[in-house]
Amino acid sequence: MTQDLLYSIAGIVLFGIGLFGVIAAAHIIRKLIAINIMGIGVFMVLLATARHGTITDPLPHAMVLTGIVVAVAGTALCLWLALQIHQLDNTTSKDQPQ
Amino acid sequence: MTHFSIMMLLPMTVGLPLLAAIVSVIINSHRWRTSISTMFATIQTLIVILLLLAIPDADGLYRYTLGGWGAPLGIDLVVDGLSLILLLTTTVLVLVLNLYSIWYFSDVATSTRFWPLWWLLVAGLNAAFIAADAFNIYVALEMIGLAAVALVALTGTRTALVAALRYALVGLLGSLCYLLGVVLLYRAYGTLDLAQLATQTQASPLTGSALCLISVGLVLKTALFPLHFWLPPAHANAPAPVSAALSALVVKASFYLLMRFWLDVLNPTVTGITANFLGVLGAAAILWGSFAAFRTQRLKLLIAYSTVAQLGYLFMLFPLALTGSSPTPLSNAAVTAVTYFIIAHALAKAAMFLAAGNILASCGHDKIDKLQGLVCYQPLALLTFALAGVSLIGLPPSGGFIAKWLLLNAAIENGQWWWVVVMLGGGLLAAAYIGRVINIAFSQASTEKSTGPMKTVPERHSLQVNLAMPGLALAMLAILLGFNAQWILNLLEGSIELHLANAGGVQ
Amino acid sequence: MNLNSLLPMLIVLSAFIPGLLIFCTGEQRLWQRRVLNLIGNVSCLALIGLLISGVYAGEVFETRLSLLPEMDLVLHADALSLLFVSLSGILWLLTTLYAIGYLEGTENRSRFFGFFSLCVAATLGIALAGNLITFLIFYELLTLTTYPLVVHKGNAASLRAGRIYLIYTMIGGMLLLAGVVWLKALTGPLDFTATGVLSAMPQLDPGHLKMIFALLIAGLGVKAALVPLHGWLPIAMAAPAPVSALLHAVAVVKAGAFGIIRVIYDVYGIEFTRDLGLTTILAGLAAFTIVYGSIRALFQNDIKKRLAYSTVSQVSYIALGTAIAGPIATIGGMVHLVHQGVMKITLFFCAGNFAETLGIHKVSDMSGVGRRMPLTTTAFTIAALGMIGLPPVAGFVSKWYLGTGSLEVEAYWVLFILAASSLLNALYFLPMLHIAWFKPPIDAWPRRQHALETHWMLLLPPMITTALMLAAGLFASLSISPLSWVELITAREYGRALVSTMVTVNLPLPQLEWIVMIPLLLMLGLLIPTTRRVCIRSAPWAALPTLLTTLFMSPESNTLFDQNAQIILLLAALLWLLAGVYGRDYLANDKYVFRYTLFFLLCMSGSFGLTVSQDLFSFITFFTLMSFAAYGLIIHSGTVKAMEAGKTYMQWVVIGEVLLFVALVGLNIHGGSGTLADINKSAQPFWVSWLLLFGFGIKAGLLTTHFWLPRAHPVAPIPASALLSGLMVKAGLLGWWRFLPLGEVRLVEVGATLITLGLGGTFLAVIAGIIQRNPKTLLAYSTISQMGILAAGTGVGLLMPSLWPTLSSALLLYAVHHALTKSALFLSVGFTPQLSPNSSTRWLLWSTIVMLALAMVGLPLTGGILAKSALKNSASELGWFTQLLPITAIGTTLLMLRFIDLMQRAGRESTVTTTMMTTAAVINPRFFAYGTLVLLAMGTVYIIPQAKLFTADVFSDHALWGSFWPVSIGILIYLIGRTAPARTTPVPENSHERCDFRHPR
Amino acid sequence: MFLKLEFQEHKLSSAGLSSATRYLLGILITVLSAALAFVIIRSEKAAPDLATLATNKLNLSGVENPVTAVLLNFRSYDTLLEIAVLLIVAVSILPDRLPIPAATAKIQFLSNMHPHSVNPVLVGLLKWLIPLAIVMGGYLLWTGAYTPGGAFQAGAVVAGAGVALSLAGHHRFIWQTASVRISLSLGLLMFVMVAAANAIITGTTLQYPTPYAGSFILIIEVAATVSIAATLLLLFTQLKAMVEFTMKGNNQ
Amino acid sequence: MSIEIAIDAVLAGGIITLAGLSLLVREMFTAIVLYVSLGLLVTITWARLSAWDVAIAEAAIGAGLTGALLLVAWRQLHDAAAKTERTNHVS
């Protein structure tokens, strides 16, 4: 068992956990956490792949950096949408007399 | 110097939209923004046309080395007949939708967001079409996905926002699946360049897993049948030009990539069973999507479901091109057919969404059952809808007909008659749901039904011709496509083959 | 690109571009739209003219536009496409005109005319399509462009219609598409070639080809409304009338039928199709459709629906003709494309006129519409008769060719289908005509708004199409007729020159055409109000020129015209003249004298025409004319009884027509065509003889087919009865003589049957007649009896051909004698009031009546004895027959005695006004005519040239005794019978089993 | 799969899936993951050719940190598009209504607020923290060329300072000004400009002239840092602003 | 080497456990906190994989900013939920 394989497998497991969470969870924040976990899993496999004993491949690092930024952007967008929906729900529920 | 100018056109297809996006972020005047956008759209079309003219000199394939590094280390751009056709479709549609949007988004607040997002979406699309690098595709897909989500959310209603959110989640999930697949490929072959991958791939479990993950990701974004659930609400609730672009272009981008991976990059891994599996899903999409379109109550939802159904036709490509006795000539026929289908559907569907947008704007709703008498007060919109419908059903003379004809031809020549049955049945179902709308539109506005509370009296002012014309132009284009198929096919001829041939040559 | 390669495209564009422009016109721009329409119409027709002349000159016209590799959009002008193109072009013009009138003042006209033009453009494209793919393209385009027309009204019914139309046509289109793609994948580009593309490719799998054929035909069958794919058509009736007209006559259904022709002939090749065994199935399907459509039509009360089902039925004739796969049947099928188009469009125009002008939508509402809208109803009538297949309307030509063609390939069952279809057609069309013409209107009509009966634009198109279809039938043999054109096409399809032309119309005799024309011209004069009175007055004299010509014409001068015919014509002219004179006086104060005169003249024309006609076509034409026109005379009085009688008459006439149609078709195919003299009668197969026997037997009142006679003859006005009983029944006889192989071949069974039935009729009619109370009915039975003798005589001729030369003369004498005497007897009934005991002129009248009765029974010195002895002598070789003849005389005596009795009773019972008592009441034209006829009846027989053969025998003792004893026995029996109290109730005139069918309501 | 979305916490439901489905899903995913892991274990990894290539070409890239070289030279196109992705999110979140009159703004994009309660510790800390963060950001940016660090990290640190500022409640960012829009798009703008300039200079887009590669990269990085910082800050403040907006609405 | 592997294994196990927990715990706040701590562990992992650039970015953006965003959003949803519950109780 090398470091590479260990983290690769861990990455796959994280990906699986995240996938399960995305599908099975209902709450939007939970879903986003799950997606981020998936992302971490993918990055982990990628970074593990970058390890070749002494040599470290810089390409995956750059890719992961890009991936992290994209992930945070996506997460932010999703949260923003969720909050907007929530806001609409609250205002409408307030408008309607009970 | 000539070398220089032609080379430059390729990155410019991405650079220009980006520039347009930046300009429309910075500039805060509606008039300037729209006129600059139009200018950019025109220039972009010219660029693609120039590329189109230049491509024969380049033996049908065109590679551009960004940063001067070359494939494994740097990123290349590649364009061949297929991608050029998609680029052309994109630019033409962008130009028309651009004009439409000028009049459609008169609200300043929305327009402030629309134009940058619009151009970023276009940049993403163009980037995806000319991408030659697996990771680059990921970034382009994210661009497309997030921009599309933001555009869907522009409507601001709860349904639209929920649809956008769902779309965003699906998009992220799909991208991650795709990315994991790319990671596995990188692990196995140590390169991200598609052409290099194509030469190196062998059928191995790892490559197979990679193909699986990539396919799941892309299929999710393309909304193939069981994974289509996100599409109808998203496409139906977006603003009209966005709906048009989503249905016409966005789903096509991921399909185009799917095509590239299955037919070219990871072709050795593909087995007949998997290809047939996609075909079966496509058939299910045709039937189910059409059925759902027939049952739905809202016009835009109907069109969106129609997209689900029409996407099913695209997936006929895989069994038709990848199974059968002699793959090389067959694949060409099927690829040609599907490419033609993509164009025809893009034009028709965009036209349809624009027409629906006009109807929605003038009636204040798009409930199909309440569209009586539409023919009298929105004749142009209905005409647009009907012409586009003709193409969607696949009736001659229209682009849709030629496309369906080619598909059927490919299926019959391949001896896979069951797909013929499905496709023809799908055509009938399409006729059913389009006929349903038109039938109601032709009925007289029911005056006797006014006994109930007239909550939904549509505000029946005719929209300006401005809004009607772009859609009509697209619909006419979809029809005219049926008359002049030859030059598009000439362009396509051998593009995939050349791509395959040249893939090994580039190191 | 020269003109030749542009012309087909230009033709399509000539309809397409105006269509697009019309969309852009404002709703209120009436004239702009009209001008656009007109420009399109006229330029289209001009281009078609150019095309036709070019194709005649052998130039090639082809527009080719590449769509895909191996897939071209080809517009190609060949003979077949020209047929359809010109039909579409002409009918487009007419329909546009009609539509302008029809839609005046309604909404959305720009849309309507726009789609209308586009629809025509698609039809033209279909016609000109040079390969299956182009065909498919325009076929689908047609679906799309007709849809807005179908739903034009926008009400629930039209929406439903549109929906169903779309469902059907879409499914059809998909099937067609599947077939075309498949075929294309197998064979490559599918350009139509005259002998078929596939027949030249032997390596193809027949199983595939069969399945493709099924797909193609199913796809085309939807538009062609083949059962079970016809469901959309009747429902599509919700569309406006011009649309229905266009849908049914030109565009949609014809597109399907045309496609079937194309597929069978130009793609598969007819012989190849036959070898694959596909034609039989298609023919079966078409046949089923024909019968099914007709049956469904029977039960529709909505006019347009009935017409729609009629279309379902009629269009399949085209498919049938194509599928029978013989050159002649092909001609029939293809020419029906044009003929049916013209006829059906007329019907729909008329239906539209009824609906638009008077708000009539139901058959039952058509009561009396003939009086309010005579022109429209006339057009409707002619078209309907053409649909039934009556000559000389175009429909007959198609049916004739279909029948002949089916015999050519020995598909006898097709004849049954044709016969059944004609019967059914008659069943659903004739009641409509009856209702329209002879029933009183239900309510007051809406007020007239136009100078004519309706808007002139609504009236003109049906008039033109009526003229067209008459012309297509009458001048079928001209080289510009559709028929000739179709013959040319067929010759090319079969790859060899076709020599046989089946219909040669030699209008009677070159010199004698005017005999027929004079009554018809007079009839036309009748239709014009200003000349009406004059024409009514001079109607009888229309027969005079005929009389004079025939009298002074030497038979030898014209070989075509034998002596017998001359005598019959003379007889006819005489009877028409005298009965006419009588009738003018008799009906002077009748309300419906106009109608009477009209049918009188038509009948006269038919009667003359059939006598002088020289070919099958003319004969059957005039025979039909006479038979149908007589209906008007029979129901003249308008009483319930008359109506019932008329109905029975019509039923038998139609059955007779159908039998004769089949018989003559058989005669034609086996005996050759040409003039009657050229026909090889002895070559006829046995079934033709049987059909002739019964077909003409109906007219001749032969036992078992006589039932109409005792009902119809008495109810007509007296002069008409005289003509019916005296002359018109002889037409049946003439038919036998003309077409049975008398004197040539011995037909034992037919002859024996004829003798049996004839003699049986002779005796049974006596029994039935003697218990009648109405003298006219009695006379009618007497006619049956006498005709029985003539029939039996004819039967003898069949049995013993050697006897025929003399026998024919004897029969002629007998016929002439009977005609004169029976007419005179009928006319005498009109003088019943003068027979009352206190009338001063009764003795004069009684003497004439007794003279006539004596002549009838054949007492010496009368014409009767000559006739009877002639018959007896000529048949002397047949001992038992001559033995039976005197016994018939007993029966005749009984009948005549009873007649005198009845007349006496009637005279007693009649209420008499004083004016009738005077001598002056007798000195009038009526009596003059009657007197002349009596005199003629006494002696004319002797001056007939043929009489010379027999006069010697008349005065022999044997003959005298032979004529005397039966009469004596007859008188004896009658006296005995009269003393016995008559307990028996008379046989009601309608005693026979009623085989009528209900009026569909 | 995503047919049910919830925004309220108190329901502990599970996307409308029954427990059986959840178990099945879990088993399915476990099996698939295991299979994938197995495949990875069994399959060979490609030789690090690209890594050696990158190392060999590093001296041509104008920077010494290989990751930065990849990000901003070898695969700069990816980064260009990535910054575009950030712009997408920024534009879609960018508010279009002014919460307060812009006239109260001291700096163009920052306005003073007068919160009810001020946390003096936090305020005191901020006075140190913000300059420190900016210096830190600058350092990370500069050092990115040689050692780990770069525009993303620098932007994140600067944004962190902004977050702290907004959490303190003293100031409020005004996102409607032109300067904000410029700074949001500055990174992308500079990137595209540099690309265009390169095209003119070297004939190939994004190919820096070798001696000036470092400078070009620095220009891009500076601009990108500004944009990244602005975008990240925007994301945070917008989500937070929404909270305040909604709370206000609820309190009324 | 084995110690190295052991550390890595512990790290990986911890990450997986945290990931599972963050999806399974009932309280959303706890889940977010768990996620942030997961991010920190991941940062360490990245460092162990000698991906220093990534580690910095992960700490700043992946764990830090994402966590902050999630918390902010959660707070809003939570407050509103509590509020509506309260109003429901009152009425």
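**View 1. Helix H19 of chain C in the predicted model.** Helix H19 covers residues 456-474 of chain C. Its 19 residues, at 1.5 Å a residue, should span 27 Å, and the end C-alpha atoms lie 26 Å apart, so the two values agree. Buried positions in H19(C) include Leu458(C), Leu459(C), Pro461(C) and Pro462(C).

**View 2. Gln904(C) in helix H36 of chain C.** Helix H36, residues 879-909 of chain C, holds Gln904(C). Is Gln904(C) buried or partly exposed? Gln904(C) counts as partly exposed because it has 18 C-beta neighbours inside 10 Å, and a buried residue would need 20 or more. Ser86(C) is 818 residues from Gln904(C) along the chain, and 68 Å separates their C-alpha atoms.

**View 3. The contact between chains D and B.** Chain D supplies 50 residues to this contact and chain B supplies 54. On the side of chain D that touches chain B, the elements giving two or more residues are helices H1 (19-42), H2 (49-61), H3 (66-74), H4 (76-93) and H7 (178-202) of chain D. By residue class, that side of chain D comprises 31 nonpolar, ten polar and nine charged residues.

**View 4. Residues 94-98 of chain A.** The average pLDDT of chain A is 86, and 92% of the residues score at least 70. Within chain A, the pLDDT is below 50 over residues 94-98. Beyond near neighbours in sequence, the stretch 94-98 of chain A has one contact in the model.

Technical notes
Residues numbered from 1 in each chain as written. Chains lettered and ligands numbered in written order. Predicted model: local features only at pLDDT ≥ 70, side-chain atom pairs only at ≥ 80, totals over all residues. Helix = DSSP H or I, 4+ residues; strand = E, 2+ residues; numbered from the N terminus. Buried ≥ 20, exposed ≤ 12 C-beta atoms within 10 Å, placed from the backbone. Expected span 1.5 Å × (residues − 1). Contact = placed C-beta atoms within 7 Å. Nonpolar A, V, L, I, M, F, W, Y, C, P; charged D, E, K, R; others polar. pLDDT = per-residue confidence, 0-100.
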